Amino acid sequence: MDIGHLLLALLFGLTILHLVTLKVCSVTLDHRTAPLFISVWTLLGLAATSPLFGHLWMEGWAKFMAQPHLLALTVVKGGLLCYLFVLSQELMKVSLSSRHYVTPMAVGIMTVSNSFFGERLMPHELFVGFALCALATTFFLKGHLSELDKRSRLAYAKLVLISAGLSTLDQVITKEANWYALLIVSYTVVFVAAIVWNYRTPANFRAALLGRNAALAGILYAATELVKFYQQVTINPVTIVIITQALTKPVILVLSAMIWKERTVREQLIWGGLAFLIALPLFLPPEILGRFIDLPAKP
């Protein structure tokens, strides 16, 4: 297994763990605490990795200063992230499976939007992106999401659009600056916005900064972000990294049925299994794929 596939496998495991811990927090904590504990632990994670990646900060900041529009886009990303975290916890509280099915729907939009900013995918990668989007549309109409109220379905639609927009921002910013500077600036913005959002509720600060559940969720989220951004800049394409996270569907959906009684295990396994099967071509060796389709040279 090469480093690219190893990092995708690590991301797969971390994605499952951080989603489960965020689900627990969505039930036990005020939703506004999420951007606070996530940003704190992500910034601590960035500080801990500074001996390895600290040189990227000065390089990235110099590029931000030379191209102020990149800094402005990064600040916008931080604001959108803060809102996404709160909205995500609101939806996750009522349906973990619906929150996890945001990514497949967003992937179809990402596949198109990221192509305008230099990302080039192979034919089978394009197929996977669009097929996952179609599957998510069916889930919207027939899955657990169809049982939710209008507010939750609207939250789902907002999360899809925000997730796709954030992916495109990542594509634009990391192409011109670097992932490390992007994370430092964007999560600093999240941290400041979270303080403003919670300053009237001291209990939220205590829960976010001292609570065990919040700490565990924050640490796992930070690890997921670091692994994701490190690999998607020079090793794996952004859309493929996002699709890998979508591959956790069977596990997450079965857990949502077993623990939180979201539909039946059988039905959730079908939804998750379909997502896994659709994305399977991403991990087949070229010699096997070549039996079914003509593979052009990788751009």
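Author: A charge sits over a ring if NZ of Lys or CZ of Arg is within 6 Å of the ring centre and within 35 degrees of the ring normal. This is a predicted model, where local features need pLDDT of at least 70, side-chain atom pairs count only at pLDDT 80 or more, and totals for chains, interfaces and linings use all residues. Residues are numbered from 1 along each chain as its sequence is written, and side-chain values use heavy atoms, with hydrogens and water left out.

Reader: OK, what makes R153 lie over the face of F140?

Author: R153 is at 4.4 Å from the ring centre of F140, and the limit is within 6 Å.

Reader: Why is the pair of F53 and Y230 called tilted?

Author: Rings of Phe, Tyr and Trp (its six-membered ring) pair if their centres lie within 6.5 Å; planes under 30 degrees apart are stacked, over 60 edge-to-face, and the rest tilted. F53 and Y230 have centres 5.6 Å apart and planes at 45°, so tilted it is.

Reader: And what makes W61 and F64 edge-to-face?

Author: Their planes are at 80°, with the centres 6.3 Å apart, so that pair is edge-to-face.

Reader: Why does F64 count as buried, but W61 as partly exposed?

Author: Buried means under 20% relative accessible area, exposed over 50%, partly exposed in between (1.4 Å probe, protein chains only). F64 has 0%, so it counts as buried; W61 has 31%, so W61 is partly exposed.
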